[in-house]
Amino acid sequence: MNYVFYDTDTGRITGTGSNPLKSGVDRQKTDPSWGVLYDVYADPDTEMVVGGEIQDKPPATDAELNSTALKSVRSWRNQLLQGCDWTVLDDNPLTEAEKDEWKVYRQTLRDIPATSPDIKDFDEIVWPVEP
């Protein structure tokens, strides 16, 4: 038996699964108090539950796209910054000129969310090149 768990307030699918041992059990098709649908398949990325039925999700709003893109941008930016933390340590082997180049690079990374507040897609970002 296949099943889908969902948030009864938002319709967001929170989990899916299959239990072959329950395949012969006669169950009610929907159980809104538990947010479960039985004998259905659903894709949490593209579908949701509305009125006990699986439906396609509506297209994301600009605000949702922006929020998702900025989260991804910040996450990648933070990884890039961590990858060059060594450049700001006192005992690094860089010359003063090289240190200055890395400072500019790191500052550019830190500024990206502020300089691209209205992005809708991660690929809109022009990432700086490491010195």
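Reader: Hi! What do buried, partly exposed and exposed mean here?
Author: Buried means under 20% relative accessible area, exposed means over 50%, and partly exposed is in between, using a 1.4 Å probe and counting protein chains only.

Reader: Thanks! Where does Thr 46 sit, then?
Author: Thr 46 is in the loop between strand 4 (36-38) and strand 5. Its relative accessibility is 42%, so Thr 46 counts as partly exposed.

Reader: And what kind of model am I looking at?
Author: This is a predicted model, where local features need pLDDT of at least 70 and side-chain atom pairs count only at pLDDT 80 or more, while totals for chains, interfaces and linings use all residues. Residues are numbered from 1 along each chain as its sequence is written, and side-chain values use heavy atoms, with hydrogens and water left out.

Reader: Back to Thr 46: what is it in contact with, beyond its neighbours within four places in sequence?
Author: Thr 46 is in contact with Gln 55, Asp 56 and Lys 57, once neighbours within four places in sequence are left aside. Contact means heavy atoms within 4.5 Å. The C-alpha atoms of Thr 46 and Pro 59 are separated by 9.3 Å, with the two residues 13 apart along the chain.

Reader: Let's zoom out. How many helices and strands are there?
Author: The chain has 2 helices and 6 strands. These are DSSP runs numbered from the N terminus: helices are H or I with at least four residues, and strands are E with at least two. From the N terminus, the order is β-β-β-β-β-β-α-α.

Reader: What share of the chain is buried?
Author: Of the 131 residues, 30% count as buried. The chain exposes about 9,000 Å², and carbon and sulfur atoms supply 51% of that; the areas come from the Shrake-Rupley method with a 1.4 Å probe, and for residues only the protein chains shown count as cover.

Reader: How do strand 5 and strand 6 pair?
Author: Strand 5 (residues 47-50) and strand 6 (residues 53-56) pair in the antiparallel sense over 4 bridges; strands pair if DSSP finds at least two bridges between them. Val 49 has Ile 54 in strand 6 as its bridge partner. The two strands form a hairpin with 2 residues between them, and Gly 51 in the turn has a positive phi of about 60°.

Reader: What about strand 1 and strand 2?
Author: Strand 1 (residues 2-6) and strand 2 (residues 13-18) also pair in the antiparallel sense, over 5 bridges. Tyr 3 has Gly 17 in strand 2 as its bridge partner. Their hairpin has 6 residues between the strands, and Gly 11 takes a positive phi near 85° there.

Reader: On to helix 1! Which of its residues are buried?
Author: They are Asn 66, Ala 69, Leu 70, Val 73, Arg 77, Leu 80 and Leu 81. Seen down the axis of helix 1, the buried residues fall within an arc of 105°, so they line one face of the helix; the arc is that of the directions from the helix axis to the C-beta atoms. An α-helix has 3.6 residues a turn, so residues three or four places apart point the same way.

Reader: And what do those buried residues pack against?
Author: They pack against helix 2 (96-115). The face of helix 1 turned away from its buried side carries the exposed residues Thr 68, Lys 71, Gln 82 and Gly 83.

Reader: Which backbone oxygen does the side chain of Asn 66 meet?
Author: A polar atom of the Asn 66 side chain lies 2.8 Å from the backbone oxygen of Ile 119. Asn 66 lies in helix 1 (residues 62-83) and, at 17% relative accessibility, counts as buried.

Reader: Is Ile 119 buried or exposed?
Author: Ile 119 is buried, with a relative accessible area of 5%. It is found in the segment after helix 2. Neighbours within four places aside, Ile 119 is in contact with residues including Leu 65, Asn 66, Ala 69 and Val 73.

Reader: Last one: where is Trp 127?
Author: Trp 127 is in the segment after helix 2. Leaving aside neighbours within four places in sequence, its contacts include Val 73, Trp 76, Leu 109 and Phe 122. The C-alpha atoms of Trp 127 and Val 73 are separated by 10.0 Å, though the residues are 54 apart along the chain.

Key. Polar contact = N/O pair within 3.5 Å; in protein donor to acceptor, adjacent residues only side chain to side chain.
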